[in-house]
Amino acid sequence: MTDRREQLAENLAAVREQIAEACRDAGRPLDQVKLLAVTKTFPASDAILLAELGVTDFAENRDQEAAPKAAEVALALPDTPVRWHMVGRMQRNKARSVVGWADEVQSVDSPRLAAALAKAVAAARTHGRRDEPLSVLIQASLDGDTERGGVPLSGLLELADEIGRSSELILRGVMGVAPLSMDPAAAFALLSKAAARVRSDHPTAVELSAGMSGDLAAAIRQGSTCVRVGTGLFGYRGLASP
Ligand SMILES: *Cc1c(COP(=O)(O)O)cnc(C)c1O
């Protein structure tokens with residue numbers, strides 16, 4: 001077996017090259033696209049290795065897995081600032097815990113979840129456990145099938161206004177996943193247009209989180225500012241993964 005650090009370094013270089021090539025193709029500056037390393041199902045040791053290789057942003061989709069992993073990374077690298085992003089469907093009763101480890105929640109898809117997060121941030125502020133508001137992205141559902149999370153495009157602006165009224169949340173943008181039933185380029189074009197509408201009402205909403213290992217080039221062509229890469233960095237996830 002090859003050394004894990006070497007393997008991750010190689011994968012990281014390949015993913016960065018893919019991002020760079022897509023940016024060149026799209027005529028966009030490289031620094032407009034942030035890389036989020038999606039560590040779900042992979043151990044904290046992998047996140048630590050990647051952080052040592054210069055990756056600053058990590059994402060998880062389950063609170064139960066993310067909370068201890070983020071804590072382990074912080075313990076191992078006390079002087080390395082890393083940011084954690086929640087990108088999975090979450091229940092409102094997890095808001096308190098998620099606010100404890102996440103710097104950003106990209107999967108806000110209902111006013112009730114937004115309200116629960118705002119309340120958790122307020123409580124954390126009261127207890128001195130946090131002084132910043134929470135950055136959030138609205139997850140949009142491009143095919144209207146909300147089973148996998150996301151607010152239908154028809155509800156996007158209303159949810160954006162709702163979040164905009166909260167002093168505990170900062171609306172940073174829109175996140176989406178290309179549905180299997182759609183051509184990724186068409187899906188991301190639709191998402192990009194929706195994100196632009198949100199941005200015109202909410203100037204802080206500059207982020208478009210779009211693109212994963214298999215479709216990041218298409219997403220970057222449509223204006224993605226944040227790609228979420230798991231498989232491309234860490235390899236295939238086991239069958240037990242969500
Ligand atoms: C797992 C996951 C990813 C990463 O997917 P890969 O295909 O492994 O790159 C991106 N976004 C979300 C929301 C995910 O749950």
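Visitor: Which strand gives the largest share of the lining of the largest pocket?
Guide: Welcome! This is a predicted model, and its largest pocket holds about 650 Å³ of space. Strand E5 (134-141) and strand E9 (226-229) each supply at least two residues of the lining. The largest share is three residues, and the strand they come from is E5.

Visitor: Which residues are the closest to the centre of that pocket?
Guide: The lining of the largest pocket divides into ten nonpolar, nine polar and seven charged residues. Of the 26 residues in this lining, the closest to the centre are Lys40, Asn61, Val87, Val177 and Met212.

Visitor: How far apart are the end C-alpha atoms of helix H3?
Guide: Let's work out what to expect. Helix H3 covers residues 63-76, which makes 14 residues. The expected span is 1.5 Å times one less than the number of residues, and for H3 that comes to 20 Å. The model agrees, with the end C-alpha atoms of H3 separated by 20 Å.

Visitor: How wide an arc do the buried residues of H3 cover around the axis?
Guide: The buried residues in H3 are Asp63, Glu65, Ala66, Lys69, Ala70 and Val73. They lie on the same side of H3, because the arc they cover around the axis is only 145°.

Visitor: What do the buried residues of H3 pack against?
Guide: Two strands are among the partners, namely E2 (57-60) and E3 (83-86). The buried residues of H3 also pack against two helices, H2 (44-52) and H4 (95-101).

Visitor: Is helix H2 largely enclosed or largely open?
Guide: Look at its buried residues, which are Ala44, Asp46, Ala47, Ile48, Leu49, Leu50 and Ala51. Among the elements that cover them are helix H1 (4-26), strand E1 (34-38) and helix H9 (231-234). Seven of the nine residues of H2 are buried, so the rest of the structure leaves H2 largely enclosed.

Visitor: Is threonine 39 buried or exposed?
Guide: Threonine 39 sits in the loop between E1 and H2. Beyond its neighbours within four places in sequence, threonine 39 is in contact with Ala47, Phe58, Ala59, Glu60, Glu65, Lys69, Trp84 and Phe234. A residue counts as buried under 20% relative accessible area. Threonine 39 has 0%, so it is buried.

Visitor: What is the phi of threonine 41?
Guide: Threonine 41 is also in the loop between E1 and H2, and with a relative accessible area of 32% it is partly exposed. Most residues other than glycine have a negative phi. Threonine 41 has a positive value in a residue other than glycine, with phi near 70°.

Visitor: Which glycine just after H2 takes a positive phi?
Guide: Here the residue is a glycine, and its phi is about 105°. Just after H2, you will find glycine 54.

Visitor: What distance separates the C-alpha atoms of proline 133 and isoleucine 170?
Guide: Proline 133 is in the loop between helix H5 (111-126) and E5. Leaving out residues up to four places away in sequence, proline 133 touches Val121, Arg125, Ser167, Glu168, Leu169 and Ile170. Proline 133 and isoleucine 170 are 37 residues apart along the chain, yet their C-alpha atoms are separated by 6.5 Å.

Definitions and conventions:
Residues are numbered from 1 along each chain as its sequence is written. This is a predicted model: local features need pLDDT of at least 70, side-chain atom pairs count only at pLDDT 80 or more; totals for chains, interfaces and linings use all residues. Side-chain values use heavy atoms; hydrogens and water are left out. Helices (H or I, at least four residues) and strands (E, at least two) are DSSP runs, numbered from the N terminus. Buried means under 20% relative accessible area, exposed over 50%, partly exposed in between (1.4 Å probe, protein chains only). The arc is that of the directions from the helix axis to the C-beta atoms. Contact means heavy atoms within 4.5 Å. On a 1 Å grid over the protein atoms alone, a cavity is a set of points where a 1.4 Å probe fits but cannot get out, and a pocket is an open set with protein on both sides within 12 Å along at least five of seven lines; lining residues have an atom within 4 Å of a point. Grid points are joined across faces, edges and corners, and a volume is the space filled by probe spheres set on the points. Ala, Val, Leu, Ile, Met, Phe, Trp, Tyr, Cys and Pro count as nonpolar, Asp, Glu, Lys and Arg as charged, and the others, Gly among them, as polar.
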